[in-house]
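Please go through this fold with the sequence and the 3D view side by side.

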Amino acid sequence: MINSFFYSSSEELFCDDFALKDLAKEYGTPLFVYSSKVILDNIKKLNKSLKGIEIDIHYALKANSTLGIVSLIGKEGLGADIVSGGELKRALKGGVPTNKIVFSGVGKTNEEIILALSKNIKQINVESESELEKIISISKAMNIRAPVALRINPDIKAQTHEKIATGSNQAKFGLPLNQTIELYKKICKEESLIPKGLAVHIGSQIFNNFEFQSAYEFLLNTANNIRRDGLSINNLDLGGGIGVNYSNSKIDFDGFGKIIQSVFKGYDYKLSIEPGRSIVATSGILLTKVIYSKKINKKNFVVVDAAMNDFIRPTLYDAYHPIIPAKKNNNKEIICDVVGPICETGDFFIKNTKLNKPNNDDLLAICNTGAYGSVMSSNYNSRPPANEVIIFKEKSFLIKKSQSIEEQISKEILL
């Protein structure tokens, strides 16, 4: 782990100036701990890589929509990329201005479209002809002009996990080239719509910047061809997907920025991007307590109080997240699986990792869990979700309180 997470001289793990053992004592475990300094530093690095470009940044709430984090990011001037009516409400509650909100996603309902139009958001990224027809119908009924962009599918299969690759013609996202051009012509003629341009997003966890380049060149060529047909097109939404190396916490903001600089240099398009993971992933750890250690034949298991309901990425995406002790010890090193208490073999955080054998009640930190952690949590096995704490201005704040089982049960009925 790097940035604000470090070992002190006593070999205890800290977040900024807070010992993790003290946070665990105050807030319990499992516990998500975020560093605001890391979030702000990532935003600063991203802005630096884009210096000299006229570009809007819309933070993708799907990465982490906890309100304290949304409001922190919004105060830095970032907008929001949302994919549901719920995320729209969170963005607004977090203080994001309506004119900085972009609505993406393939399955927007009537209610969500009505909400978006009533709030006068920046744009809706349309992903199908039937969605466009629905927006036209609703906008006419509301007597509102709907700001729409078309998400194009460039048929690029990014080298990432298949479940987060979104730019090929085998994925559910976006429109093929020929349909995009025809629908854009329709948008320009339809009085109930405001043409906002084109959008693209080829997936998440992209480390090969030439994949971004291919997608952006495809987008640019399409926009230029539309202009040659005499139609107005001013805005290009480049999506997100900047890769985060979970092993060493490195993010290539500079390389990403250089690609944008090189592709769009000399053009007058207004650009926007939608980073999520790259802003928040390295800001967080999931702090968990060891319950038991056990050995089956030659296999060692370390059972902790966090579980896949708190953090599902390892079992869902085969994701690698390093695990380090909150206090180093001199016990014998073992090869082990760190697992949770849920009744699934898939309830694990890491397999065949080296750890100095932890003692019962020792604390472990699962690294780089700031993105797609709490936002994907559940109450499986009737487990309460983890508390969430952020270190901000040299203080710790409980920004999301765990919902107890009693609170969950109170919302159900008996027959």
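Which residues touch the most other members of the largest nonpolar core?

## Basis

This is a predicted model, in which local features need pLDDT of at least 70, side-chain atom pairs count only at pLDDT 80 or more, and totals for chains, interfaces and linings use all residues. Residues are numbered from 1 along each chain as its sequence is written, and side-chain values use heavy atoms, with hydrogens and water left out.

## Nonpolar cores

Tyr216, Ile260 and Val338 touch the most other members of the largest core, which holds 93 residues. A nonpolar core is a set of buried Ala, Val, Leu, Ile, Met, Phe, Trp, Tyr and Cys residues joined through side-chain atoms within 4.5 Å. Buried means under 20% relative accessible area, exposed over 50%, and partly exposed in between (1.4 Å probe, protein chains only). Helix α8 (residues 209-228) gives the most to this core: seven residues. Helices (H or I, at least four residues) and strands (E, at least two) are DSSP runs, numbered from the N terminus.

Leaving out residues up to four places away in sequence, Tyr216 touches Val200, Leu238, Phe256, Ile259, Ile260, Val263 and Phe264. Contact here means heavy atoms within 4.5 Å. Another core lies apart from the largest one. Its 18 residues include Cys15, Ala24, Leu287 and Ala365.

## The barrel

Eight strands close into a barrel, in the order β5-β6-β7-β8-β9-β10-β11-β12, with parallel pairing. From one strand to the next, the twist averages 30°. Axes are lines fitted to C-alpha atoms, for helices over the stretch in contact, and angles run from 0 to 180 degrees between N-to-C directions. Two strands pair if DSSP finds at least two bridges between them.

Strand β8 (residues 123-126) pairs with β9 (residues 146-151) over three bridges, in the parallel sense. There, Asn125 stands opposite Ala149 of β9. Strand β5 (residues 55-60) pairs with β12 (residues 270-273), again parallel and over three bridges. Ile57 stands opposite Ile273 in β12. Leu236 stands opposite Leu271 in β12. From β11 the chain crosses through helix α9 (residues 253-264) to β12, a right-handed β-α-β crossover. Right-handed means that, with the strands pointing away from the viewer, the path from the first strand over the helix to the second runs clockwise.

## Helix α4

Helix α4 (residues 85-93) packs on the sheet and touches β6 (79-82) and β7 (101-103). Its direction makes about 165° with that of β6. Gly85, Glu87, Leu88 and Ala91 are the buried residues of α4. Seen down the helix axis, they fall within an arc of 160°, so they line one face of α4. The arc is that of the directions from the helix axis to the C-beta atoms.

Their cover includes α3 (67-74), β6, β7 and α5 (110-118). Exposed Lys89 and Lys93 sit on the face of α4 turned away from the buried side.

## Backbone notes

Where is the cis peptide bond at proline 30? The bond runs from Thr29 to Pro30, with omega near -5°. Pro30 is in the loop between α1 (20-27) and β4 (31-35).

Asn120 has a positive phi of about 60°, although it is not a glycine. Asn120 lies in the loop between α5 and β8 and is exposed, at 58% relative accessible area. Asn143 has a positive phi of about 55° and is not a glycine. The loop between α6 (129-142) and β9 holds Asn143. Asn143 counts as exposed, at 73% relative accessibility.
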